[in-house]
Amino acid sequence: MPIVTLAPLDPAITAAVRGIRVAEQQVVFSRQPADILDKPEAGATPYAIMLDGAPVGMLRIDTGFHLNHDFAAPDTPGVRSFIVGTGVQGRGIGSAASAALPALARRLYPAATAFYLTVNLRNAPAQRAYLRGGFRDTGAHYLLGDAGPQHIFRMDLPAAGTPPKLAASADFR
């Protein structure tokens, strides 16, 4: 069974993530990884999505998400720039990476009570992946997305000290 993990970026992983591509019609939703990494934003930390130890995507955890999204709070970081490369899409990697977020939060964002994520109304495959990975649709929309209206998804995180409920595919190195 393939193992999907989230990993901090080191120089070798960063170089590999820069080479990951999304299809041209998906760029409107996410941009290309190299473009994101070339313009770092304060508070938005990138992580690689790893498949059996090889980078296949990326996402960023934005601890300042609440500063630009009034539905979020300081203890609810945002998940942004969630990208799975074209060569591995449709294999459950986005769902598995979403399911790995609570373990990441416990380790690196212990004050977080939830994650928020916005996803374009036209991006049905991504919506399905996030929902399968543990996010829920709040029923509200964020209307200021670069590519149009977006669903607001939320993933509540277990309280500090709660034992993990994740499969081995959500481990960290």
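Modeller: First, a term: two strands pair if DSSP finds at least two bridges between them. Strands (E, at least two residues) and helices (H or I, at least four) are DSSP runs, numbered from the N terminus. This is a predicted model, where local features need pLDDT of at least 70 and side-chain atom pairs 80 or more, while totals for chains, interfaces and linings use all residues. Residues are numbered from 1 along each chain as its sequence is written, and side-chain values use heavy atoms, without hydrogens and water.

Biologist: OK, what is the bridge partner of Tyr47 in S3?
Modeller: Leu59. Strand S2 (residues 44-51) pairs with S3 in the antiparallel sense, over eight bridges.

Biologist: And how many residues sit between S2 and S3 in the hairpin?
Modeller: Two. Asp52, in the turn, has a positive phi of about 50°.

Biologist: What about S3 and S4, how many bridges there?
Modeller: Five, again antiparallel. S4 covers residues 78-84. Its Val84 stands opposite Gly57.

Biologist: Why is S3 largely enclosed?
Modeller: Because seven of its nine residues (54-62) are buried. Buried means under 20% relative accessible area, with a 1.4 Å probe and protein chains only.

Biologist: New topic. Which residues lie nearest the centre of the largest pocket?
Modeller: Phe29, Ser30, Phe82, Asn123 and Tyr130, out of 44 lining residues. Elements giving two or more residues to that lining include S3, S4 and helix H6 (124-132). A pocket is an open set of points on a 1 Å grid over the protein atoms alone, where a 1.4 Å probe fits, with protein on both sides within 12 Å along at least five of seven lines; lining residues have an atom within 4 Å of a point.

Technical notes:
Buried means under 20% relative accessible area, exposed over 50%, partly exposed in between (1.4 Å probe, protein chains only).
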